[in-house]
Amino acid sequence: MIIEYTGALKLKGSLLFFKAIENVLYGEKVIIRSEEKSIYGKVISLSKDLMLIEILGESHGINIENLKVHFTGSTFELGVSEKMLGRVLNAFGEPTDEKGEIAYEKYLSIGGSAYNPAQRDYPKDFIQTGVSAIDGLNSLIKGQKLPVFSVAGAATNELTAQLVRQIKPSGKKTAVVFAAMGIKYEDAMYLMQSISAGGNFNSTTVFLNLANEASINTVLLARTALTFSEYLAFEKGYDVVTVLYDMTNYCNALREISSRREEIPSRKGYPGYMYSDLASVYERAGILKGKEGSLTQIPILTMPDGDITHPIPDLTGYITEGQIVLERELQQKGIYPPINVLPSLSRLMNHGTTDEHRRWSAEIYSAYAKAKKAQMLASIIGEGEMGNVEKNYLEFGKAFEAKFINQGKTEERTLDETLNIGWELLRLLPVESLTRLKPEDISKHFQ
């Protein structure tokens, strides 16, 4: 028998004020029914006389006069199964692709559980993305969380789709989980068409939430996707890469919910607990001792006004292990992907690459930095007044952007192809200037 309660006091946006009911759990899942409309809700505050319920969906049209609430007695859980691979799901893990229902193996709380740091293994295995600017200079390592910091106008959708299609974690069983949060309808259509065109869609699961949905669904979806990722990684032995896009939408949803709750805001109006909330998302990546699988994260966010010191990229940078930075200037030059390698960084790269790769990377970085300096000098005095050394670096910088950073939106380069392009570009410079390479490197690749 289903027991429903009346007692709605006030509806404010997506917040329902309800009289206190005994034995209700904090975070409990509820079903709200008003006339013919039924919608999920979540208990977010409890007191002696009052409880606050967050409505998980569109609250327009709900009449509190005849509203009834069913308390399920459990927190939000996600049905999980390997049959969810190759499917498109919503924030509640329900299929939206018209391919039929899913037979779930079990149900898991979407809150996850904190990992004991002593039970973590250190990330050390290279993951190929097929993108030279990442694989060669900012390598992704299995179990790492490596964010992408984008700017408005950059080819973020294209790069996101390419990463989801191409990324290949090493392992016997691999999977990609794509969590699209609060994105526009046209962006969703592009991403779905591009991702489904890849050959690995059967090992990909998409959790999709559109911009016109309730803010709480955006926050919920991130945890739903990570719960499924953890199930694949730590119960089924998959090496999983989870792509979270766009974390700016997630944080804006968090700010909107906080404002509705009338909480005291912090920087830029975001809640003071945003750091710990983001940590509860990002820290679900890693490798656990005794478990075959791994969970790697690529959070993608659009920096508001291109400001890397904004609270969203700032807090993300504190929690994660590096960043890939997209630049509008490279985009305007027609270079794809517009990755500025100089401010980009992968803090775990050295643990998953060879010594020769690291020396190669250091030499490329040094040469490109000198090339940018030469470009600045050329804009002041003109190329004709520059010395031969500066002209060499100027030529290197142009070739580096055109041949190394720039690649096709469907072009998947192997690591060997990326390294070979780099060696070819370094041959444009005098051998005596390559101070970060060892003599054996020069004899092997320059003679």
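This is a predicted model: local features need pLDDT of at least 70, side-chain atom pairs count only at pLDDT 80 or more; totals for chains, interfaces and linings use all residues.
Trainee: Why do β1 and β6 count as the edges of their sheet?

Mentor: Strands are DSSP runs of E with at least two residues, and helices are runs of H or I with at least four, numbered from the N terminus. Two strands pair if DSSP finds at least two bridges between them. The open sheet of six strands has the order β1-β2-β5-β4-β3-β6, with antiparallel pairing. β1 (8-12) and β6 (67-75) each have a single partner strand, so one side of each is left without a neighbour in the sheet. From one strand to the next, the twist averages 30°.

Trainee: What makes β4 and β5 a pair?

Mentor: Five bridges join β4 to β5 (residues 50-55), and the two run antiparallel. The requirement is at least two bridges, so β4 and β5 pair. V43 has I53 in β5 as its bridge partner.

Trainee: How do you know that β13 and β19 pair?

Mentor: β13 (residues 148-150) and β19 (residues 322-326) have two bridges, in the parallel sense, and at least two are required. In β19, I324 is the bridge partner of V148. Both strands belong to an open sheet of eight strands with mixed pairing, in the order β8-β15-β14-β16-β18-β13-β19-β20. There β8 (88-89) and β20 (339-346) stand at the edges, each with a single partner strand.

Trainee: Why are α5 and α6 called oblique?

Mentor: Their packing angle is about 135°, with the axes 11 Å apart. Axes are lines fitted to C-alpha atoms, for helices over the stretch in contact, and angles run from 0 to 180 degrees between N-to-C directions. Under 35 degrees counts as roughly parallel, over 145 as roughly antiparallel, 65 to 115 as roughly perpendicular and the rest as oblique. α5 and α6 are therefore oblique to each other.

Trainee: What makes α9 roughly perpendicular to α10?

Mentor: α9 (residues 355-381) and α10 (residues 388-405) pack at about 115°, with axes 8 Å apart. That makes α9 roughly perpendicular to α10. The crossing of α9 and α10 is left-handed.

Trainee: What separates a cavity from a pocket?

Mentor: On a 1 Å grid over the protein atoms alone, a 1.4 Å probe fits in a cavity but cannot get out, whereas a pocket is an open set with protein on both sides within 12 Å along at least five of seven lines. Lining residues have an atom within 4 Å of a point. Points are joined across faces, edges and corners, and a volume is the space filled by probe spheres set on the points.

Trainee: How many cavities of 30 Å³ or more does that give?

Mentor: The count is one. The largest cavity has about 40 Å³, and its lining is T129, I134, L140, L146, V148, L163, I298 and I324.

Trainee: Which residues of the largest pocket are the closest to its centre?

Mentor: The largest pocket holds about 590 Å³ of space. Of its 24 lining residues, Y26, K42, V219, R223 and D277 are the closest to the centre. The largest share of the lining, four residues, comes from α4.

Definitions and conventions: Residues are numbered from 1 along each chain as its sequence is written. Side-chain values use heavy atoms; hydrogens and water are left out. A crossing is left-handed if the near helix is turned anticlockwise from the far one by less than a right angle, and right-handed if clockwise.
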